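I'm opening my notebook on this one.

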Amino acid sequence: MKDFDEIYQRLEAIKAPGLLSADRPREGDPEDKTDKGRAGEAFVLIEPAAAKEFLIAVRDDAELAFDILADLTATDPDTEDENFWLNLHLLSLGHGHRLAIKAMVPKADPVVPSMVDAHMAAHFHERECAEMFGITFEGNPDPRNILLPDDWEGHPLRKDYEFPKEYHGISCE
Amino acid sequence: MTEINTPPEPPEAKTIEIPEKARTLPSGEREFMLDVSTSDLEVNMGPQHPATHGVMRILIRTDGEVVTGGQVHLGYLHRCAEKIGENVEWLQYLPYTDRYDYLSAMNNNLGYSLAVEAVMGVEIPRRATLLRTICAELNRIGSHLIAFGTYGLDIGAFTPFFYCFREREWMMALFEKICGARLTYSYIRIGGVFNDAPVGWLKEVERFCDVFEEKWQEYYDLLVVNHIFVQRTAKIGVITPEMAVDYGLTGPMLRGSGIDFDLRRDMPYMAYDEISKAGVYDVPLGRGEKGELGDCWDRVYVRVQEMMESIKIIRWCLGCIEDGPVIGDIPKVLKVPPGEAYVGIENPRGELGHYVASDGGKVAKRCRVRGPSFCNVAVLEKLLPGTFLADSVAIIGSTDVVIGETDR
Amino acid sequence: MNLMALEAATTGNAFTELLGGIAPEGTPTWALWLGAAGAGVGILVAFVSLVAMFSVWLERKVSAHIQCRYGPMYAGGWHGWAQTLADGVKLLLKEDMIPLGADKPLFMLAPALVLGAIFGALVALPLAPGFFFADVNMGLFLILAFSSLTTIGVVMAGWASNSKWSLYGAMREAAQVVAYEVPLGVSLFVPLMVAGTFSLTEASAAQSGWFGMHWFIFQNPFMLPAFIIFFIAALAETKRAPFDLPEAESELVAGFMTEYSGIRWSFFFMEEYAAMFLMSAVGAVFFFGGYHSPLTALFPEEATTGLLYQLVCAGTLIFKSFVGVFVMMWLRWTLPRLRIDQVMSMGYKYLTPLALVCVLGAAIWETIFA
Amino acid sequence: MSSTITTREYFQNVWDSLATTFAGMKITGKYLMQKPITVQYPDERLPIPERYRGIHYLEQEKCINCLACARACPIDCIEMDAIRHGKELEWVLFTLDYQKCMFCELCVYPCPKDCIHMGTEFAFVSYDRSEFNHDLLSYKGMSREARIRKREADIKKAEKEAAKAAAAAEKAAAEASEPESPEEPAS
């Protein structure tokens, strides 16, 4: 079991493709009232375009061995924000450690290569993410809607989503 | 790359003269005979079907009794839990967590509470931790009882289902006494638990443990080692360890394939660190005893064994529980500092992950639920082709899917 | 089936004798025959309905108590004895539904065929000496032939329903019955060898000795395995768990009955229970002494033609049959269901060879010791 | 099943199927002889524990109309209103919509006066959906007629205010335009 710093050092050592930086929780600046700091867990930032290669690299590295893709999801932080966050959570069965990964996907052109080649587990998650946020996963073998009806309009988990007034004649008021 | 079952190529269009007399079918097609030949039959298993344990729909293609392809269709029970999480206050989301995996609501409460606590960084009193553990493990027993009982039902054995419900009824009565609800508990809350256990409750839990051990032996003799049951489940739906890891399976599905991994032991949360170090319980693994490693029987066996391991954990907690407060220092209206956290806990079905992101307000920025069933059900499309129709029911049952959780 | 009953009635049984006794002088013989046939069919229908109703009630109570429940408790007062009656009335009053795409005539014919076949089979069953609808000298053949006829009804129902689930059920039934006719018949060769007759009346009569306990099951050591094989095959023949694949509610929703409702559906139900009774009765006749028991042996020789003796004999056989029915229920609520290929392999690979071994062994035994 | 099996396995299968069947029948047979554990529901009922989360009841005299419970409700199914006469409260309404309520008990905890509770009543049957909008006020609340009077008064008040506002607006508009002539007085 490794802590986050050790994992990050190892990531740098193996030159994991697309690795940008690490973001750790920090205390807020007591002088600056607007800066409240950040709580929670530490994560690494990666390039979305290299996400698949990154996953393969950390999967195949013996010291990291992140062999399970626990979660793949996205977050729309704000209506004003220009990016979606792509959140990935990896789990290593052998070592028992986790890694949280974040990638910034521009809202203007939300296209990410599919990660199904690295982990088959990504398949359903990508389908859900695609319908909920409108992020296209290029190369997903079955890019149908998974939870929403096939003809659903809009992407419900976006912050600027407007709830439909009616659906097939059913009033949603 | 694994294949996804695409519908078969339509046969080459032949121009055939339809006789005048051919009647029109209700579907609008004209009835005529293309050729005397057999063709695959596409059947909708679900959304209303006894084998799908809810409103899941599996489109299966069969050649006689042999399934040649299957496609999972989800979303019939989609209730926008994640969107609701972005619209209600932190504590108000708690009742919604009861409702995705409605068979193990305690564990869902726990997962959500732990995720929010991870962002907030609050201290949980010792008694609350142990009460949480007892409730989560009791609920794990209840959930496995349903999984096992309904699996018997899938295979065609009715009676074990009722025996399982009898014990689960007692478990629900216990929960009713501690929190007032039988299914949607909302008991474990951010910072601790809602109520202290009523007088005599812990004694009754102990009695439940004693009786359950006897009854467990009956389930084992009645169904688990029954020759017909073994014949129906061994060597069926084999998930190899590599496949299990690739599909991101967790929980009994993963351990059924022989991979020794349990979040409670390997990434401990709450009191599990202590419990694991004390060597209170073992992690049961599938060993391919009756057939191949990772078959349906192994998965069922793991679940059945896990019930007994949970009993051991409960006994340990009952042994060292002391009086004390049951809730930490939590304000009435929660304000969670900005930040984000992902916490995965060992649900009866696998890793239940909650990813919560806060921007410092009263409402979550993102409240993501990683339901274990959602990930486990993905493997069905791979397992179904090449099995018998009856086996497909056995395989679906062995994934122990709860539709409330896949669709959320 | 009416024809058969008529023909059976002509051979002379209790009805013709009874009618002959009370009819005025000069009644033509054909009228007697017709009257006897009509009375026979009427009594048969009533008998089958009663047996089915009691069996359904018994099944519900047995299953309930096995599962720590009460089962029906209200209708009729004592332990809900009238529950089946109430259900029957409800089923009669239900809307008669036929699916749009169904083959209407076949859909309507199938339940009648299924139920008619079981009536026909019951004709050859002697409840007591001289208390039968027809003394058919090939009685066992008649019963086996008629009970196989139900398969045609089931396949018809499955095909005519125009539902995929029903079709699966029908195909399973066809495959299953073909596979299990063989061990069913072969295992019955063992008692037949001892009895030396196909007639059920004669086979019953042959087991009267030993204070009513001169049962075929004690005649030679191959009888018990033969009976077990017969019982398993009978379970498969009557579509009972663990061989209830044509219905298989967890896989095929309700199999061939998926599209049926109301009174038509209840015909299938009645057939199932009547067939259970029939198979148990055949087992009782050929292995467990038919209507003979220590109780019947208490009667002195001269009283054996009296009505009381006849009733006690009938009661004995019915009791024995219901013991068989009860065991079938007990098994159903204990065991999981087999898969279709396992059903096939069990029939062909296990039961048939073992039954043949039993026949061979019994033949050798009979040659040496009898 | 298509695989070949040895003679030993063949007889093992025969033995296993018979032995495990008898083992199972022993267990089911044991329960067949025992008394059932279920109860005949409408005639006998199981005891309901104290903490049961059933239909709410309100200790009205304690309530201070602070809206804490209404705010805590995740689905906003509590509606409450009262008129304050000094220390006395005249209740207008306190309703709970049981079509929405999910019995989570979150409304009970934040109450500063500990006056809303969940009772042990659970059956709630009606032919009319509107009856599920349950009135928790048992007494001292406004009677039905009083509520109607109040509503009428409210409507009248609103009308009056609207008229006033309209007049004011018209006046303002008139003032903005040319000064009014004495021959045409403003209505």
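Which residue in S7(A) does Leu45(A) stand opposite? I looked it up, and Leu45(A) faces Lys102(A).

Some ground rules for myself. This is a predicted model, where local features need pLDDT of at least 70, side-chain atom pairs count only at pLDDT 80 or more, and totals for chains, interfaces and linings use all residues. Residues are numbered from 1 along each chain as its sequence is written, chains are lettered from A and ligands numbered from 1 in the order in which they are written, and side-chain values use heavy atoms, leaving out hydrogens and water.

Next I checked the strands (DSSP runs of E, at least two residues, numbered from the N terminus). S4 (residues 43-46) and S7 (residues 98-106) of chain A run parallel and are joined by 3 bridges; pairing takes at least two bridges in DSSP.

Then I traced the whole sheet in chain A: 5 strands, open, in the order S1-S4-S7-S6-S5, with mixed pairing. S1 (19-23) and S5 (68-75) of chain A each have a single partner strand, so one side of each has no neighbour in the sheet.

I also found helix H1 (residues 4-13) of chain A packing on the sheet, where H1 touches S1, S4 and S7 of chain A. Contact here means heavy atoms within 4.5 Å.

Last stop, chain D. I noted 3 helices (H or I runs, at least four residues) and 5 strands, in the order α-β-α-β-β-β-β-α from the N terminus. Chain D has 187 residues, and 33% of them are buried, meaning under 20% relative accessible area with a 1.4 Å probe, protein chains only.

Conventions
Axes fitted to C-alpha atoms, helices over the stretch in contact; angles between N-to-C directions. Buried < 20%, exposed > 50% of the residue type's maximum accessible area, 1.4 Å probe, protein only.
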